[in-house]
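Please look over the sequence and the structure below.

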Amino acid sequence: MSTGDEIEDSSAPLIEHLAELRTRLIHSVMYFLGGMIICFTIATPIFNYLTAPLCSVLADRGQDCDLIFISPQEGFFVAIKVSLLGGFILAFPFIANQMWRFVAPGLYRNEKGAFLPFLVASPFMFILGASFAFYVVTPLAYDFFLGFQQFGNAGEVVDGVQGAAPLSVVFQGSAQEYLNLTIKFIVAFGLCFQLPVLLTLMGKAGLVSAVGLRAVRKYAVVGILILAALVTPPDVITQGILFVVVYGLYEISIQLVARVERQREAKLRAEGLWFDDEEGMEEDLTGHPEDLDDDEADQDKRS
């Protein structure tokens with residue numbers, strides 16, 4: 001066979017994979033658009049539900065929960081943003097299914113069994129983080145922000161003269177600004193809750209180890225502090241909550257990676273591929289055995 005024929009034969013599977021990827025992406029976009037249209041038709045009830053933390057804080061202060069539009073087009077953009085968020089949440093299971101159907105044919109059976117739990121855990125952890133942000137963090141943040149209001153009164157009477165009333169500075173919030181801040185909370189905490197899933201998956205692939213994660217703990221603390229400062233408003237309450245939560249997830253991730261390493265070691269011992277007396281076998285914990293021969297390393301990779 002000529003070199004030209006070999007190139008044509010090798011390019012055929014690539015074209016098939018690209019065609020399959022295009023099909024999956026088109027289906028994913030269609031699911032997203034469908035979810036977005038559904039949410040657009042019920043954007044007002046969804047937005048009213050998202051205002052629950054603010055309304056609860058205002059009610060405790062004896063104030064009405066009235067948001068305003070400061071521009072004619074703001075109501076439309078609020079509906080669009082609600083539709084984007086709701087459409088993505090509704091479509092995510094279907095999008096994840098399309099991703100799985102594209103990736104699964106190229107995986108071995110044991111690889112499918114290892115990857116599928118992470119695909120299920122990812123949306124669960126995102127919803128958990130979003131719920132924590134909406135029901136716990138957001139009310140605390142708005143209670144902190146609204147504490148800077150000023151309520152004027154009639155002023156004091158001195159020598160029969162009515163004093164000037166103090167300035168009243170009360171909350172009259174923009175619906176779009178409120179929605180932007182609330183979505184920022186939800187997305188930030190939802191993504192931060194992906195940390196155990198990401199690190200455990202990397203540990204499964206041998207890219208990180210529990211020992212390595214413990215060694216860089218102090219750098220992780222600095223990184224989490226910077227993250228908390230970037231993705232939350234400038235108040236110590238939400239930043240402190242995010243830091244505590246993410247650092248706790250980091251410690252949990254270390255334990256999960258250690259568990260993955262113990263399972264890998266037990267499996268290698270059962271197959272006779274683990275040798276405690278060999279130099280450098282501690283590297284086996286990270287999925288990179290250096291003292292196995294090529295056949296054994298290949299068998300370890302497939303296992």
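Predicted model: local features only at pLDDT ≥ 70, side-chain atom pairs only at ≥ 80, totals over all residues.

Residues are numbered from 1 along each chain as its sequence is written, and side-chain values use heavy atoms, with hydrogens and water left out.

Helices are DSSP runs (H or I, at least four residues), numbered from the N terminus.

| Helix | Residues |
|---|---|
| α1 | 3-41 |
| α7 | 195-204 |
| α9 | 217-231 |

Ser28 sits in α1. Ser28 counts as buried because its relative accessibility is 12% (buried is under 20% relative accessible area, exposed over 50%, with a 1.4 Å probe and protein chains only). Leaving aside residues up to four places away in sequence, Ser28 touches Ile95 and Gln98 (contact means heavy atoms within 4.5 Å).

Helix α9 has 15 residues. Its buried residues are Ala220, Ile224 and Ala228. They cover an arc of only 75° around the axis, so they lie on the same side of α9 (the arc is that of the directions from the helix axis to the C-beta atoms). Lys218, Tyr219 and Leu230 are exposed on the other side of α9. The cover over the buried residues of α9 includes α10 (236-270).

Helix α10 also meets α7: their axes come within 8 Å and cross at roughly 25° (axes are lines fitted to C-alpha atoms, for helices over the stretch in contact, and angles run from 0 to 180 degrees between N-to-C directions). The two helices are therefore roughly parallel to each other (angles under 35 degrees). Contact residues include Leu199 of α7 and Leu249 of α10.

Conventions. Expected span 1.5 Å × (residues − 1). Parallel < 35°, antiparallel > 145°, perpendicular 65-115°, else oblique.
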